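I am opening my notebook on this model. My plan is to look up one place at a time and write down what I find.

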Protein chains: 2
Amino acid sequence: MDYISDFLEFLSIPSVSALSKHKADVERAASWLARRMERAGVREVRILKTAGHPVVFGQVLSRSPHAPAVLIYGHYDTQPPDPLEEWNSPPFEPVVKEDRVYARGAADDKGGVYGAILATEDVVKAGGPPVNLKFLFEGEEEIGSPNLKDLLVKEKDLFACDLVVSVDGGMFTREIPSLTTGSRGLVAIQIDVKGPRTDVHSGGHGGAINNPVNALCQIVASMKDEDGRITVDGFYDNVRDISESERKSFAQVPFDEEEYRASVGVPALFGEPGYTVLERLWSRPTLDCSGIWGGFQGEGVKTIIPSKASCKITCRLVPDQEPDEIARILEAHVRRCAPRGVTVETTVFPGNSRPYVVPGDHPALPVLSRVLTKLYGRQPVEVRLGGTLPIARTFLDLLGSYLVFFATSSPDENVHSPNEFYRLDELDKLRRGLPELWSELAASHRT
Amino acid sequence: MDYISDFLEFLSIPSVSALSKHKADVERAASWLARRMERAGVREVRILKTAGHPVVFGQVLSRSPHAPAVLIYGHYDTQPPDPLEEWNSPPFEPVVKEDRVYARGAADDKGGVYGAILATEDVVKAGGPPVNLKFLFEGEEEIGSPNLKDLLVKEKDLFACDLVVSVDGGMFTREIPSLTTGSRGLVAIQIDVKGPRTDVHSGGHGGAINNPVNALCQIVASMKDEDGRITVDGFYDNVRDISESERKSFAQVPFDEEEYRASVGVPALFGEPGYTVLERLWSRPTLDCSGIWGGFQGEGVKTIIPSKASCKITCRLVPDQEPDEIARILEAHVRRCAPRGVTVETTVFPGNSRPYVVPGDHPALPVLSRVLTKLYGRQPVEVRLGGTLPIARTFLDLLGSYLVFFATSSPDENVHSPNEFYRLDELDKLRRGLPELWSELAASHRT
């Protein structure tokens, strides 16, 4: 099977975007990809330079003048392979065992990228695609796509499309297909509380001055009530209510609370009353302290009042919360409830993300649902990402196009961990599913 | 001046109790002291072994059969000298400059110990002391007197006395003499909050589980109100009210709040309403978080819900709070308000201290006051230690005797810091003051 040996060659290139020593490898992967796309019949293949690693572009136009443009998104860079000693075989010497290929990047996302090329190759051989296919394979996904925005601004026309289909991502489980219809946004601030100039003796000063740690705890405690509701004034103002159809759809997702609880290792699940766990994870904003520090952290007792204390607060946002506005609201809250006798400062971290949701009536959703049902033999469940998906937001903001996922990976494939693997039958799924999707999209576009 | 060269010899012995490499030096200092006491006319001088460094005992009995027994307390060990590079001359090569001797341990407490010996020598030459003088000079004060309690239990009769006079300590300022009439107690606990088994992604889990840092902040915040009052149930139950005479006496202490505020470097002083700063420092209990930690403390943002968070809480106690009881009260409070969805544990640290106050009507106080007035030309102010004074409590509990201070050091002498010094005229003050005190004590005992 020639297509397998090609895949193994692709996997053997250590295109680790985070490590400068692999810069030439990342470029080699881009070249390999470009050549393979050309061989598959993709036209106008170009390696687009960025301030970082390159983007591989290409397109195959449909013969129909009114066909929609579909941009296939994926990435050819990989996570670093460490810890090496936990791998059963070297991460860039792919090993096939039964139906699996073990290699760093196999599932994330070289399998998806390569599957899309195979699907395109089939379609070209069969007379050309029913949609205008465009390809954007980036080399910086694993480092946060720092240069993608600039490229999209610069090459807006080149990437113009009606829909973005990501081959990065995966299904809810290997058996249960899913439609991922949104992700949460992100905003993070640091709170710094300063008290005495230096740490001071708690006997000599305790009772006369405020303690920055106690003061910080009061600020943090003032942000949520004991049920997990966020009590910051205005925080929920622009939160879009969960619709009845979302509720119904989330409720259909097979989710065992007790199994989840045990897997995380907490004594009980916890969160905003009035919502199911999945509703809270997918459609409700959060406020979490991701780190706190101040004073003496060693063994035993050091009898001081610390000079300062700090914490980081991260909020996950949902439509229609704007990160900048939420940052202002958080800062105003901290200012308003800043304890006396200490100095309180806040800093907003750069790198906000806006929340993202594909509208429930987006025409691609029923199409995707039909194709997945045919491919998996059961209807997909609608899911969301509790985390952020900055690129989806970027495509929407810069190209005006929504992103949907068509990626057949399963969640057990050790993505970002040692012994990452990809199931070879997922290449077949993409080869069967993507052409089906393109046909259905073309058909639904005509109607 | 022979007595100066003797003093310099004493200071040149590096009796650093904390460092095992100085073990022989500590013993040498004890021997030196014992010989010098014998030369001064002290009888039955003995070097008492302990599990650690020895205690030097001695006594000179009065000719009067009804004379009270006064135990002179001091210590011959010193703090380590580091940082050495900040000393202007080697710490154990004493240098006299004008009226000062620079050396580690000069003010804390070899000056006091040596001054007491000089005073005794004078009194013995003049016909013997009017009281039964006993001496307890320990070698472990700087490491927390870990073996003193055992020795006092064992040698209870040897150290039996009516009053302990400490030559360790100091006056409020060089110009303003003071009576230190008490110190606060201490109890400390650690609070550990556990959430998910490991740090987890705040996108993947935010909203579904409780956050140990937020939960810990709620616990800490629940312990004090925004005015600084402690809100732990039962915490103030046994607190002895400040008496009118204490209030009056504290109010006479020259204390400039603005000067104090600026020296500590806080934007405003802070604490329990209804009390002056000195009342809060000396006669009100405190609750301070001396350290807190959990989650990510590095630069930037790490989007996690931490697995755990911890903090240390230290309380300063006043009569009649019992440390063990307060520990129980704190633990009960934490249990009661432990947030859901996390596991909360508390640990009480060993090394509690009970608060200590000399009763306002103790007959030694007016005597001390008269002697100090004569010595300094002005009435002493009554002060307290906001910190703890475990040995005072130990003497009271084991010998039934209160401890008062007669130490002429000033607070500017760099005690525990580089370039510690002692003013030579303080030796004279002790030589004049202590015999005066002993006479007055003998006289007041007779009446």
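**Entry 1: a loop in chain A**

I started with Asp320(A), which sits in the loop between strand 13 (308–317) and helix 11 (323–336) of chain A. Helices (H or I, at least four residues) and strands (E, at least two) are DSSP runs, numbered from the N terminus. I looked up the peptide bond between Pro319(A) and Asp320(A), and it is cis, with omega about 0°.

I noted the ground rules next. This is a predicted model, where local features need pLDDT of at least 70 and side-chain atom pairs count only at pLDDT 80 or more, while totals for chains, interfaces and linings use all residues. Residues are numbered from 1 along each chain as its sequence is written, chains are lettered from A and ligands numbered from 1 in the order in which they are written, and side-chain values use heavy atoms, with hydrogens and water left out.

I found a cis peptide bond in chain B, joining Asp108(B) and Asp109(B), with omega about 10°. Asp109(B) belongs to helix 3 (residues 106–125) of chain B.

I then checked Asn414(B). Its phi is positive, near 55°, and it is not a glycine. Asn414(B) lies in the loop between strand 17 (403–405) and strand 18 (421–423) of chain B. I reminded myself that most residues other than glycine have a negative phi, and most peptide bonds are trans.

**Entry 2: both ends of a helix**

I looked at helix 9 (residues 257–264) of chain B. At its start, a side-chain oxygen of Asp256(B) comes within 2.9 Å of the backbone nitrogen of Glu258(B). After helix 9 of chain B comes Gly265(B), with a positive phi near 85°.

**Entry 3: salt bridges**

How many salt bridges does the structure hold over all chains? I read off 52. The rule asks for a side-chain nitrogen of Lys or Arg within 4 Å of a carboxyl oxygen of Asp or Glu.

I picked out the salt bridge between Asp6(A) and Arg36(A), at 2.8 Å from N to O. Asp6(A) is in helix 1 (residues 2–11) of chain A and Arg36(A) in helix 2 (residues 23–39) of chain A, so this pair ties together parts 30 residues apart in sequence.

**Entry 4: where the chains meet**

I turned to the two chains. In contact (heavy atoms within 4.5 Å) are 73 residues of chain B and 73 residues of chain A. Chain B and chain A bury about 5600 Å² between them, and 54% of that is on carbon and sulfur atoms. Buried area is the accessible area (1.4 Å probe) that two parts lose on being put together, summed over both.

Between chain B and chain A I counted two salt bridges. One of them joins Arg340(A) to Asp227(B), with the closest N and O atoms 2.7 Å apart. Strand 11 (residues 288–295) of chain B gives the largest share of the side that touches chain A, eight residues. That side of chain B divides into 31 nonpolar, 29 polar and 13 charged residues. Here Ala, Val, Leu, Ile, Met, Phe, Trp, Tyr, Cys and Pro count as nonpolar, Asp, Glu, Lys and Arg as charged, and the others, Gly among them, as polar.

How do strand 11 of chain A and strand 11 of chain B pair, parallel or antiparallel? They are antiparallel, over five bridges. Two strands pair if DSSP finds at least two bridges between them. Ile292(A) stands opposite Gly294(B) there.

**Entry 5: two domains of chain A**

Last, I looked up the division of chain A into domain 1 (2–182 + 355–446) and domain 2 (185–232 + 287–348). These bounds come from an automatic or database domain assignment. The C-alpha centres of the two domains of chain A lie 41 Å apart. Five residues of domain 1 of chain A are in contact with seven of domain 2 of chain A.

Definitions and conventions
Polar contact = N/O pair within 3.5 Å; in protein donor to acceptor, adjacent residues only side chain to side chain.
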